[in-house]
Amino acid sequence: APDAALARDVRRFCDAPLDRILIAEGLVSQGDLLASHARHFRSRTLGRDDLAGLAPIPTGPAPQLLLTHAVLPVEDRDGKPALVCGNPDALEDARRQLPAYLRRARVLMAPRDMVLARIAELHREALTDAAQSRVPEIESCRSWGIAYGRRLAVVLAGLTVLGVLAFVFPVAVFGVLVGWAALTLVVSALFKTAAFATRLAEGPVQPITGAASAKTPLPRVSILVPLFRETEIAHALIARLTQLTYPKCLLDVVLVLEEEDALTRQTLAQIDLPPWIRAVVVPDGSPRTKPRAMNYALDFCEGEIIGIFDAEDAPEPDQITRVARHFQQVPPDVVCVQGILDYYNPRQNWLARCFTMEYAAWFRMILPGMARLGFAIPLGGTTLYFKRHALEA
């Protein structure tokens, strides 16, 4: 009874299912919770071998829908359809989007991560193709390797022509190159000076005050952390993530691993990860890039807000809470929040001090000035938060 009361108190401030709160607070084990759900559905729980032994129903919905709800249609031991479920709270939403003959199928319980892994295994090719073609081809680098030879020939021909011209008309060619370099430097300097002056004229940043308050339930947040050959920093990364103060029942940290990076996977397998941190392995494919890996992992996320960290990040403990409250206070058309980046070793050496000054000027002066002037804001590669629906659109 005291545990249930604590979970209900947490739920008043967190938009999370009761079972997720119980697990995140360490009040119940996943096995006990699944057994309880199985008794509720008058069903049974499945292990990894049990799940692998049930044939999937091939005419089911798109794999992205199955991942969203952690539901897998299968044929049970008696040949009748069943829904293997890893998230009972999403079962009703899933049933509304399933074919009619599956909506009243019996329910079998299995751990959510196990269900997601089985869906990924069964739909590997479709999910991989979807990750590689998630954006229009004109905005993607996925076709760069198709005409590699022709593109290389064009570049070499251009360099040859430039070399011949520089040999025949050296003064004119170098004059044009120096003039172009000077022009771009002057334009960049004027642009940054205008942004800097605008930021100075704006004065101190006023905090946003909106309808949201400390009593407004916080949303669920998923954090993507792409890792590739990050064995040396993996333990430090997990230690830093555990310092986050955001309610763990609302936090979904996804470590995005490449299939061919066996060393990082082995390193993480030796770490006892908390229930709100999990790994998603991206099937090997082309191009092997960070955007493609995150495109694949996006379908595995649970949150309404999607954040991005790098392996070397050390976020402030309350960062996610501040971002979530900020989203609740700004107008609906604000769909991305970018954090200010700093170096945590500014006094280590001369180079570190230079980088620290550059980051301070860029994030605290130039970017706010650009926003004030109405320019598009360039995004960095980390400490970004998106509203999921806008990111997917």
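1. Residues 24 or more positions apart account for 71% of the contacts in the protein with a separation of 6 or more, where contact means heavy atoms within 4.5 Å. The model is a predicted one, in which local features need pLDDT of at least 70 and side-chain atom pairs count only at pLDDT 80 or more, while totals for chains, interfaces and linings use all residues. Residues are numbered from 1 along each chain as its sequence is written, and side-chain values use heavy atoms, with hydrogens and water left out.

2. On the overall make-up, the secondary structure comes to 16 helices and nine strands; helices (H or I, at least four residues) and strands (E, at least two) are DSSP runs, numbered from the N terminus. The C-alpha trace of the protein spans about 85 × 55 × 40 Å along its principal axes. Of the 393 residues in the protein, 38% are buried, a word that stands for under 20% relative accessible area, with exposed meaning over 50% and partly exposed in between (1.4 Å probe, protein chains only).

3. The largest nonpolar core has 36 residues, and Ile 223, Val 253 and Leu 255 touch the most other members; such a core is a set of buried Ala, Val, Leu, Ile, Met, Phe, Trp, Tyr and Cys residues joined through side-chain atoms within 4.5 Å. Two or more residues are given to this core by each of α1 (2-13), α2 (18-24), β4 (221-227), α11 (234-241), β5 (251-258) and α14 (319-329). Apart from it lies another core, of 35 residues, which includes Ala 82, Val 84, Leu 127 and Ile 306. Not counting residues up to four places away in sequence, Ile 223 touches Leu 251, Asp 252, Val 253, Val 254, Gly 307, Phe 309, Ile 320 and Tyr 385.

4. Helix α8 (residues 124-132) and helix α13 (residues 290-298) have axes that come within 8 Å and cross at roughly 130 degrees; axes are lines fitted to C-alpha atoms, for helices over the stretch in contact, and angles run from 0 to 180 degrees between N-to-C directions. That angle makes α8 oblique to α13, given that angles under 35 degrees count as roughly parallel, over 145 as roughly antiparallel, 65 to 115 as roughly perpendicular and the rest as oblique. Leu 127, Thr 128, Ala 131 and Gln 132 of α8 make the contact with Arg 292, Asn 295 and Tyr 296 of α13. These residues divide into three nonpolar, three polar and one charged, where Ala, Val, Leu, Ile, Met, Phe, Trp, Tyr, Cys and Pro count as nonpolar, Asp, Glu, Lys and Arg as charged, and the others, Gly among them, as polar.

5. Phe 363 has its place in helix α15, and at 10% relative accessibility it counts as buried. Leaving aside its neighbours within four places in sequence, Phe 363 is in contact with Gln 338, Gly 339, Ile 340, Leu 341 and Pro 368.

6. Gln 30 belongs to helix α3 (residues 30-40) and is partly exposed, with a relative accessible area of 41%. Beyond its neighbours within four places in sequence, Gln 30 is in contact with Ile 23, Pro 111 and Arg 112.

7. Most residues other than glycine have a negative phi. Ala 70, however, has a phi near 50 degrees, a positive value; Ala 70 sits in the loop between α5 (63-69) and β1 (71-75) and is buried at 0% relative accessibility. Arg 229 has a positive phi near 55 degrees, lies in the loop between β4 and α11, and is exposed, with a relative accessible area of 59%.

8. Leu 102, in the loop between α6 (91-97) and β3 (106-109), is buried with a relative accessible area of 0%. Residues up to four places away in sequence not being counted, Leu 102 touches Ile 57, Pro 73, Pro 81 and Leu 83.
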